[in-house]
Amino acid sequence: MTKAARLLRVYTDESAYVGDRKVFEYVTALARERGLAGATVLEALMGFGHSAHLHRKHVFENDRALVIEIVDGEDKLRAFAAELAGVSGIGLVTLEAVEILSGLGDGHGG
């Protein structure tokens, strides 16, 4: 059985902060508080965005590009993205259709 859903992607970098917390930690914790189905933080070897600043791992510091992926229903994700609108350190935020083939509510979570 398949289920239609949406994938929210939040692009940030490892060195971005909101207050005293790293942005990726803040976004992930907020997603959990809001009861979203789950979140995964992916680390890129290298990347750049509209500022053309190249994010990568340096010898003495980490400034890698990160992508936070969250899958849930469209309404919940749009509301969540609206909450993130004022958070500095977030670059691009995208939303796209996905088809869930298994994993939600099938008793095999992880």
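Helix 1 (residues 23-33) has Val23, Phe24, Val27, Leu30 and Ala31 as its buried residues (buried means under 20% relative accessible area, exposed over 50%, partly exposed in between, with a 1.4 Å probe and protein chains only). Looking down the helix axis, those buried residues sit within an arc of 135 degrees, so they line one face; the arc is taken from the directions from the axis to the C-beta atoms. This is a predicted model, where local features need pLDDT of at least 70 and side-chain atom pairs pLDDT 80 or more, while totals for chains, interfaces and linings use all residues. Residues are numbered from 1 along each chain as its sequence is written, and side-chain values use heavy atoms, leaving out hydrogens and water.

**Helix 1, the rest**
- Arg32 and Glu33 are the exposed residues on the face turned away from the buried side.
- Gly35 follows helix 1 and has a positive phi, near 75 degrees.

**Helix 1 against helix 2**
- Helix 2 (residues 74-84) packs on helix 1 at about 140 degrees, with the axes 11 Å apart.
- The two helices are therefore oblique to each other (angles under 35 degrees count as roughly parallel, over 145 as roughly antiparallel, 65 to 115 as roughly perpendicular and the rest as oblique).
- Val27, Leu30 and Ala31 of helix 1 meet Phe80, Glu83 and Leu84 of helix 2, contact meaning heavy atoms within 4.5 Å.
- The residues of this contact divide into 5 nonpolar, no polar and 1 charged.

**Strand 8**
- Glu99 belongs to strand 8 (residues 90-100) and is exposed, at 54% relative accessible area.
- Glu99 and Ala4 are 95 residues apart in sequence, yet 4.8 Å apart in space, C-alpha to C-alpha.

Methods: Helix = DSSP H or I, 4+ residues; strand = E, 2+ residues; numbered from the N terminus. Axes fitted to C-alpha atoms, helices over the stretch in contact; angles between N-to-C directions. Nonpolar A, V, L, I, M, F, W, Y, C, P; charged D, E, K, R; others polar.
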